[in-house]
Amino acid sequence: MPELPEVETTRRGIAPALLERRVVEVIVRERRLRWPIPASLESVLPGQIVRRIERRAKYILIRFDAGTLILHLGMSGSLRVLKSDVRPELHDHWDIRMDTGMLLRFHDPRRFGSLHWTEFDPRLHPLLVKLAPEPLTQRFDGEYLFRLTRKRAVAIKQFIMNSQAVVGVGNIYASEALFRARIAPRRAARRISRTQAHLLARAIKDVLTEAIKIGGTTLRDYVNAEGTPGYFRQRLFVYERAGELCRVCKSPVKRFVQGQRSTYWCPACQH
DNA sequence: ATGGGCACCTGGCTGC
DNA sequence: TGCAGCCAGGTGCCCA
């Protein structure tokens, strides 16, 4: 999926077309996402006005007076703002039509995305309530990371991808942050030094912030609300660069599998 | 509690 | 051309 920068780019992209606008119709073509789309949506949403659009981890929260839509893009999901007369294509699973003649359209070939509705505080929703701090806040820093990693035997790469440790760091930015912090991805979390914890927290913040600035990373499916890709791919140091030369030391970038996910790293730079 | 593996899906690419 | 096998921005759940 889209990781935090792509979700944030999407959030910012859809907001102008939706804020303070009224929903006129919800059209669901395929209810079978990761969880079935609630049957109540088509009756609950029309007439409601979008009040705020927020992000928590990789979830986008669309707040109305009556409740909140909680949506996730999964691995291949994207949201676009289009004119209401644009014909849906394969894998365009739902639309929310606004009173402006525009619509919000969800496209997701793999259907790992999801859409929930809650009338309660969305931060207390079962999917959100146990999430770790946001990486781009002060609560997440080197001391936090150092403290949390003590006694953890799991590899540091899997640790920073665990949403109960820190949210928003997916497979691309985990490899990239570890490269920037010069930490080997297989190192046990409890074996990173305090200095390394500080470097890693800094690297995570930096890589996510830089990626947001240029609209995220597009590998395959991802497009922003205007349908255009993100350009951070050109700035990747290791991800999907196995066999190519390290941009820092010119030795070959390596790939291996960790927890069923590809990890990319430079064995010469990272220890 | 922690860690590991599986499952959910479709589609693109490679190699025979 | 066809087809098998592998790979892909995620994450909840089950098991040891």
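Me: What makes chain A a chain of domain 1 and domain 2?
Reply: Chain A is divided into domain 1 (4-124) and domain 2 (142-265), with bounds that come from an automatic or database domain assignment. The model is predicted: local features need pLDDT of at least 70, side-chain atom pairs count only at pLDDT 80 or more, and totals for chains, interfaces and linings use all residues. Residues are numbered from 1 along each chain as written, chains are lettered from A and ligands numbered from 1 in written order, and side-chain values use heavy atoms, without hydrogens and water.

Me: How many residues of domain 1 and domain 2 are in contact?
Reply: Contact means heavy atoms within 4.5 Å; 19 residues from domain 1 and 19 residues from domain 2 take part.

Me: Which residues near DNA strand B count as surrounding it?
Reply: Near means that a heavy atom of the residue lies within 4 Å of the strand. Those around DNA strand B include Leu-90, His-91, Phe-112 and Gln-260.

Me: Why is the approach of Arg-152 to DNA strand B called a polar contact?
Reply: A polar contact is a pair of N or O atoms within 3.5 Å; within protein, one must be able to donate a hydrogen and the other to accept it, and residues adjacent in sequence count only if both atoms are side-chain atoms. A polar side-chain atom of Arg-152 lies 2.5 Å from a phosphate oxygen of DNA strand B, so the pair qualifies.

Me: What makes Val-154 another case?
Reply: A backbone N or O atom of Val-154 is 3.0 Å from a phosphate oxygen of DNA strand B.
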